[in-house]
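Thank you all for coming; I would like to take a few minutes to walk through the charged side-chain pairs in the model on the screen.

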Amino acid sequence: MAPDLKEYDEEQARLMAEMCILVDENDNRIGADSKKTCHLMENINQGLLHRAFSVFLFDSENRLLLQQRASEKITFPNMWTNTCCSHPLNTPSELVEEAQLGARTAAQRKLEHELGIKPEQVPLDDFKYLTRIHYVAPSDGLWGEHEIDYIFFIKANVTMDVNANEVRDVKWVTPEELRAMFADPDVPMTPWFKLICNSFLFNWWAKLDTIESEKDEKTIHRLGF
């Protein structure tokens, strides 16, 4: 039986009606379904898979912006993660696959929604696409993630107006500071962030000024299976 969302934060429950893009394991679009349906483990365990994105935003000092997810979040509350991670929606502007334009548009939209970063500070062309990862991760037994995740790097000096319903805290970190956070058992991290860090992030970070050379449009990396 599907859970009653009345027990959750009203705004977060409302967002569960958004329509995500369903894909097969090769990232071919096969339909759409609600965020709620896509994130129930009972559906994930049957193979339901949707499209997502993860943004890694760096400042002029090459520090990475992290966020701690709000306690109101239904999935993975209070966990630290990369700058912004969410889903392109089943709307005309976010369905565009050429040059990952739909995912870029979604990334720009969610940076403003979660962190108050204005679109003019993060132009679509400044998002550097790197690759896609396919992973599955339970949250609490009821909810989880099963995504093909588009990875974007962007370098920008931004001003923030944090949405407290989405984000509990933010922090700029160096590679050394992030490694220290990972070593601290009292700092919870989202599973996709752990997978990306363990597989790719620190190598990419070291090549930040030439990051476009790391672009891989063909591969979908299967992580954590």
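Predicted model: local features only at pLDDT ≥ 70, side-chain atom pairs only at ≥ 80, totals over all residues.

Residues are numbered from 1 along each chain as its sequence is written, and side-chain values use heavy atoms, with hydrogens and water left out.

Taking a salt bridge as a side-chain nitrogen of Lys or Arg within 4 Å of a carboxyl oxygen of Asp or Glu, a search of the whole structure finds 13 of them.

One of these pairs Glu114 with Lys110, at 3.9 Å between the closest N and O atoms, and both residues sit in helix H4 (residues 101-115), four residues apart, or about one turn of the helix; helices here are DSSP runs (H or I) of at least four residues and strands (E) of at least two, numbered from the N terminus. Glu114 is buried at 3% relative accessibility, and Lys110 is buried too, at 4%, where buried means under 20% relative accessible area, exposed over 50%, and partly exposed in between, with a 1.4 Å probe and protein chains only.

Lys128 and Glu212 also meet in a salt bridge, at 3.4 Å from N to O. Lys128 belongs to strand E7 (residues 128-138) and Glu212 to the loop between helix H6 (191-206) and strand E10 (220-222), so this pair ties together parts that are 84 residues apart in sequence. Lys128 is partly exposed at 26%, whereas Glu212 is exposed at 55%.
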